[in-house]
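Thanks for coming, everyone. I'll take a quick walk through one model, domains to begin with and then some local detail. Here it is.

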Amino acid sequence: MARPAWSDDEVEAVRELARTYFEKEVVPHEERFIEQGHPDRELYRRAGELGLLCPAVAEEFGGGGGTFAHEAAIIEEQVRAGDGALGIPVHSSIIAPYLAEFGSDELKKRVLPKACSGDMVLSIGMTEPGTGSDLQAITTRAVREGDEYVITGSKIFISNGWLCDGIIIAAKTDPEKGAAGVSLLFAEVSDDTPGFTRGRILSKIGGKGQDTAELFFDGLRVPAANLLGGVEGQGFYQMMQLLAQERLVTAIMAVAMMERAVELTVEYTKGREAFGKPLFAMQNTRFELAECATIARTNRVFLDDCLTRHLKGELDIQTAAMSKYWSTDQLGIVVDRCLQLFGGYGYMTEYPISQLYTGARVLRILAGSNEVMKDLIARGL
């Protein structure tokens, strides 16, 4: 694939390092991750050693001092390698920016170096059992008591929830104010932290090696200094400000999965014979792949434009929503058509196309469902 306009020599060097790491050190252990329901924690530390965690965080806080372009390249290579276990996109590209943007200097100096080294795995608790994409309706409470907040409530579908030792919690500090009563607090947790309990690792139809868990808070005490932004009621604004990047992360994953599905299917159909000739020689196969390749290419062009805009600080909420909704919808179409060309083998779990098929489905739900994306787009019309 040609180098995108948003990349440069440094970004491509990071891409090559990431490709080697995922292919040689992560993917060979995927079967074990699926069995245990989460990746090995040590892999985060190894990624930190290589500089593959939080590359856009400032050097003074232990990061690489790079840009979102470095993160995008790492995400693409993780997808292309076939790693569905490590929650690096969540850790580096979704949660670390909240700390870097809204955390106090003391919090950043204390937490970000550990996040960059992989000694602390980050997570974020937004979704609750009764809220889904409706973040204004969360019921988790954070009550100020002196120099601490006492948090009570629960979260579900939390990526990195099983391994995390640092979590941003969306909670109501003033339940009478709706969205204006939502605040974000950062909690450092362990299995021994009073008031904090990890629930079960949730069984999913795809991404089975990536830990997704329930989290429960029953009087969890968090220092008041860990309130992001330092003022109550800023949480919804903070989430809206950074959700555009989260949606772009989802689009990056979708396009990379789309491209990988096409590559895998071209390779398979050229090597698989039916009725005395390669599947690729049959007109239907060629037409299907021509259409899928075209869908992937047009989504790539749109994504690269969004990335270029984002790096300039010019990506608006509606366009980010368009990219997320459109690419994840189209991914579902492409990966389904590609799996069909594998025939019965496409239904077998040892074939990567089947993992792409099941792994693709959640992207239409993540970072706000595609129905929510359409509503956001419509508001800007």
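The centres of domain 2 and domain 3 lie 30 Å apart, taken over C-alpha atoms. The contact, meaning heavy atoms within 4.5 Å, takes twelve residues from domain 2 and nine residues from domain 3. Domain bounds come from an automatic or database domain assignment: domain 1 is 9-120, domain 2 is 123-232 and domain 3 is 236-379.

A word on ground rules. This is a predicted model: local features need pLDDT of at least 70, side-chain atom pairs count only at pLDDT 80 or more, and totals for chains, interfaces and linings use all residues. Numbering runs from 1 along each chain as its sequence is written, and side-chain values use heavy atoms, with hydrogens and water left out.

Back to the interface. About 900 Å² is buried between domain 2 and domain 3, and carbon and sulfur atoms give 71% of that. Buried area is the accessible area (1.4 Å probe) that two parts lose on being put together, summed over both.

Next, T193. T193 sits in the loop between β5 (182-188) and β6 (196-201); strands are DSSP E runs of at least two residues, numbered from the N terminus. Is T193 buried or exposed? Buried, because its relative accessibility is 17%, and the cut-off for buried is under 20% relative accessible area (1.4 Å probe, protein chains only), with exposed over 50% and partly exposed in between. Leaving aside residues up to four places away in sequence, T193 touches E188 and L220.

Key: Helix = DSSP H or I, 4+ residues; strand = E, 2+ residues; numbered from the N terminus.
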